[in-house]
Amino acid sequence: MTTDRASSKRLHTILGAGGAVARELTRELLAAGESVRLVSRRQTSQAGVAESKNANVSDYAQALEAVSGSAIVYLCVGLKYDIKIWRELWPKIMQNTIEACKAHNARLVFFDNVYMYGRVNGPMSEETPYNPCSKKGELRAQIATRLMEEVRAGNLTAMIARAADFYGPACATSILNLLVIDRLAVGKKAWWLGSTRTKHSFTFTPDIGKALVRLALEDQAYQQIWHLPTAQPAPTGREWLDLCAEATGKMPRHLILSGPIVKFMGLFDSNVREIYEMLYQNNEDYIFNSSKIERAFGINATPVREGIAQVVAPVHSTRTSRSR
């Protein structure tokens with residue numbers, strides 16, 4: 001059972017508070033009556049939070065100060081999509097966060113992705129071995145392994161909570177939002193990365209926020225890895241395009257961004273260039289299994305059609321208000 005729910009408010013600190021996942025996490029923590037501190041490189045605020053701080057957690061002194069007084073820390077940092085920056089900063093950020101949590105006796109929840117699994121024949125689960133086939137995957141395997149080494153040594157109370165590629169309301173970094181839903185909503189062709197015939201899981205950001213809070217408040221959830229609730233079965237790319245087109249009231253017109261196209265576009269855009277090595281995730285089935293959390297806590301994912309509708313609604317609202 002959840003412990004300490006009736007006690008005085010604990011301080012929950014979110015490191016990397018500027019993104020969509022952190023926004024959903026903050027909303028859920030506040031709804032649960034918890035005290036929240038937001039920490040980011042740029043000033044971030046959200047109604048109801050106890051405190052907002054600027055800090056660069058790649059600097060240990062700043063990380064130590066950011067974590068001070070926290071009961072639970074969420075590592076949700078998002079860096080520029082550049083392997084050089086990742087190599088420079090991610091090991092520092094992970095090590096500093098670990099040491100700061102140890103110094104302040106805080107629990108740590110690391111929000112992670114699936115790059116470390118590499119190519120997987122079948123669904124990805126918490127038991128899937130790390131077999132990265134990309135530079136970014138190698139780095140993610142490194143920092144995840146570093147964290148779990150501290151857990152196994154008994155030095156830290158922590159967990160890893162992973163999501164698939166994600167989408168959700170006002171999610172500015174989601175490929176599904178940016179390349180499909182947003183483009184269809186304004187009458188443009190959708191862009192789909194890789195094959196439309198393969199299956200691809202996406203995790204809904206409000207589900208991420210709800211699940212992270214539930215896990216963080218459960219003692220038995222720590223010292224292990226969790227996959228966050230993600231709708232099953234995984235639709236194919238073509239099915240995603242059809243569902244998004246239906247929700248936006250448009251025809252499912254689309255352009256496939258194949259490997260050669262992405263490589264060419266990468267000559268002019270560094271963000272696109274960084275995507276190229278990850279295209280295997282879009283050309284092969286990418287199926288994310290979250291049955292462990294569903295069995296343990298009865299947490300179910302939002303159905304895909306419902307999730308898309310929640311993303312599309314504010315997009316339509318914005319277009320309507322602008323046209324007046």
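**Exercise 1. Find where glutamine 223 sits, and decide whether it is buried, partly exposed or exposed.**

*Solution.* Step 1: glutamine 223 lies in the loop between helix 6 and strand 10; helices (H or I, at least four residues) and strands (E, at least two) are DSSP runs, numbered from the N terminus. Before going on, note that this is a predicted model, where local features need pLDDT of at least 70, side-chain atom pairs count only at pLDDT 80 or more, and totals for chains, interfaces and linings use all residues. Residues are numbered from 1 along each chain as its sequence is written, and side-chain values use heavy atoms, with hydrogens and water left out.

Step 1: the phi of glutamine 223 is positive, about 70°, although this residue is not a glycine.

Step 2: buried means under 20% relative accessible area, exposed over 50%, and partly exposed in between (1.4 Å probe, protein chains only). Glutamine 223 has 36% relative accessibility, so it counts as partly exposed.

**Exercise 2. Check the span of helix 1 (residues 20-31), and find what its buried residues pack against.**

*Solution.* Step 1: the expected span of a helix is 1.5 Å times one less than its number of residues. Step 2: helix 1 has 12 residues, so it should span 16 Å; its end C-alpha atoms are 17 Å apart, which agrees.

Step 1: the buried residues of helix 1 include Ala20, Val21, Leu25 and Leu29. Step 4: their packing partners include strand 1 (11-15), strand 2 (35-40) and helix 6 (205-216), where contact means heavy atoms within 4.5 Å.

Step 2: just after helix 1 comes glycine 33, with a positive phi of about 80°.

**Exercise 3. Locate the cis peptide bond at proline 233.**

*Solution.* Step 1: find proline 233 in the loop between strand 10 (225-227) and helix 7 (237-248). Step 2: go to the bond that joins glutamine 232 to proline 233. Step 3: read its omega, which is near -5°; this peptide bond is cis.
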